[in-house]
Amino acid sequence: MLCRAILVSLLIAWTVVKRPAHADEPTPVQTRLLSELALYPESTAPAQVVSLNDAAIAAQVAGQVAEVPVRVGDQVKAGAVLVKLACTDYDIEFEKLKAERQTVQAKLELAQWHLKQSELLVNQRTLPVEKAQERRAEMAVLKGELNAHALKIKAAERQLAACSIKAPFASIVTERNIAVGLLVAYGTQVVKLLDLSRAEVSAQVSSHGIAALQSAGDLSFEHDGKRYPLTLRAILPAIQSQTGSQEVRLDFKASPARPGATGRLV
């Protein structure tokens, strides 16, 4: 017992001697957010920016090119004239139809007067009822002709309007396929337009990675060292047999990258 008491006393004395002088001083502590320290796994897939409006503009009527006020690289607004066609024949046809409509209108007015006179004579029993019925039938025929001419005039107006080929949306001219003096037929591609403002990302994702894509907390398009935040818009259900991948489409959250840019979906 005495030996044990002596041993305990020696241990206490050693502890007191070895305690550092600054033991009671506070220990400095640094804190950081978990989001700054956590590591999130990333997966990537090849991707490309595509424009929603990348169209070849075609002539809707046949004619000779009179003017091409745009060149490749020009930025045009919606409704801007791209090509003007010489449409003298359509103009002549339009004026002819208007003249024919005036003629039919005059005949119709005369037929209306004849019908009134016929009905008056029928009431006076000096004209057979059949004559009044013939006048009514004549008026119905003339009204039909007048309506037909109105439709023909509308079609001629559309043809004249189509002689000025206009941009359907704000865009940049990427191709010019005609020149002044060239004869173009219906459906001839005259210029090609690219819409820079409306773009989305098309990516090829492995079918095994679709579930991870849908649950991803962050999606972005990486191109030329810059990342563009994205939101998932659509997953095409078809699986490509050669690559085993599915195409997905994603929208830009902010300013889009330029159409044609290739990179990767992160």
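**Exercise 1. A pocket beside a helix**

Helix 4 gives the most to the lining of the second largest pocket, with five residues. Keep in mind that you are working with a predicted model. Your task: find out which elements each supply at least two residues of the lining of the second largest pocket, and how the lining residues divide by class.

*Solution.* 

Step 1. Start with the space itself: the second largest pocket has a volume of about 180 Å³.

Step 2. Now look at who lines it. Among the lining residues are Ile57, Ala58, Ala155, Arg158, Gln159, Ser164 and Lys166.

Step 3. Sort by class: the lining holds seven nonpolar, three polar and two charged residues.

**Exercise 2. The largest pocket**

Describe the largest pocket by its volume and its lining.

*Solution.* 

Step 1. The space in the largest pocket comes to about 440 Å³.

Step 2. Its lining counts 19 residues, and those nearest the centre are Pro41, Glu42, Ser43, Ala216 and Val266.

Step 3. Next, the elements: strand 10 (199-206) and helix 5 (210-214) are ones that each supply at least two lining residues.

Step 4. Finish with the classes, which are 10 nonpolar, six polar and three charged residues.

**Exercise 3. Into the core**

Find the largest nonpolar core and name residues with the most contacts inside it.

*Solution.* 

Step 1. The largest nonpolar core contains 23 residues, and Leu82, Val83, Leu85, Val191 and Leu193 have the most contacts inside it.

Step 2. Strand 5 (81-86) and strand 9 (189-194) each give at least two residues to this core.

Step 3. Zoom in on Leu85. Setting aside neighbours within four places in sequence, Leu85 is in contact with Val61, Gly63, Gln64, Val65, Ala66, Cys163 and Val184.

Step 4. A second, separate core has 19 residues, including Ala45, Val49, Val205 and Leu250.

**Exercise 4. The surroundings of one valine**

Is Val173 buried or exposed, and which residues does it touch?

*Solution.* 

Step 1. Val173 belongs to strand 7 (residues 171-176).

Step 2. Its relative accessible area is 1%, so Val173 is buried.

Step 3. Leaving out residues up to four places away in sequence, Val173 touches Val70, Arg71, Val72, Gly73, Asp74, Val76, Lys192 and Leu193. Leu193 is one of the residues with the most contacts inside the largest nonpolar core.

Step 4. Val173 and Asp195 are 22 residues apart along the chain, and 9.1 Å separates their C-alpha atoms.

**Exercise 5. Positive phi angles**

Where are Arg125 and Asp224 found, and are they buried or exposed?

*Solution.* 

Step 1. Arg125 sits in the loop between helix 3 and helix 4. Phi of Arg125 is near 60°, a positive value in a residue other than glycine.

Step 2. Exposed means over 50% relative accessible area. Arg125 has 78%, so Arg125 is exposed.

Step 3. Asp224 sits in the loop between strand 11 (220-223) and strand 12 (226-235). Phi of Asp224 is near 55°, again positive in a residue other than glycine.

Step 4. With 75% relative accessibility, Asp224 is exposed.

**Exercise 6. The whole chain**

How many helices and strands does the chain have?

*Solution.* 

Step 1. The chain has five helices and 14 strands.

Step 2. Of its 266 residues, 27% are buried.

Methods:
Residues are numbered from 1 along each chain as its sequence is written. This is a predicted model: local features need pLDDT of at least 70, side-chain atom pairs count only at pLDDT 80 or more; totals for chains, interfaces and linings use all residues. Side-chain values use heavy atoms; hydrogens and water are left out. On a 1 Å grid over the protein atoms alone, a cavity is a set of points where a 1.4 Å probe fits but cannot get out, and a pocket is an open set with protein on both sides within 12 Å along at least five of seven lines; lining residues have an atom within 4 Å of a point. Grid points are joined across faces, edges and corners, and a volume is the space filled by probe spheres set on the points. Helices (H or I, at least four residues) and strands (E, at least two) are DSSP runs, numbered from the N terminus. Ala, Val, Leu, Ile, Met, Phe, Trp, Tyr, Cys and Pro count as nonpolar, Asp, Glu, Lys and Arg as charged, and the others, Gly among them, as polar. A nonpolar core is a set of buried Ala, Val, Leu, Ile, Met, Phe, Trp, Tyr and Cys residues joined through side-chain atoms within 4.5 Å. Buried means under 20% relative accessible area, exposed over 50%, partly exposed in between (1.4 Å probe, protein chains only). Contact means heavy atoms within 4.5 Å.
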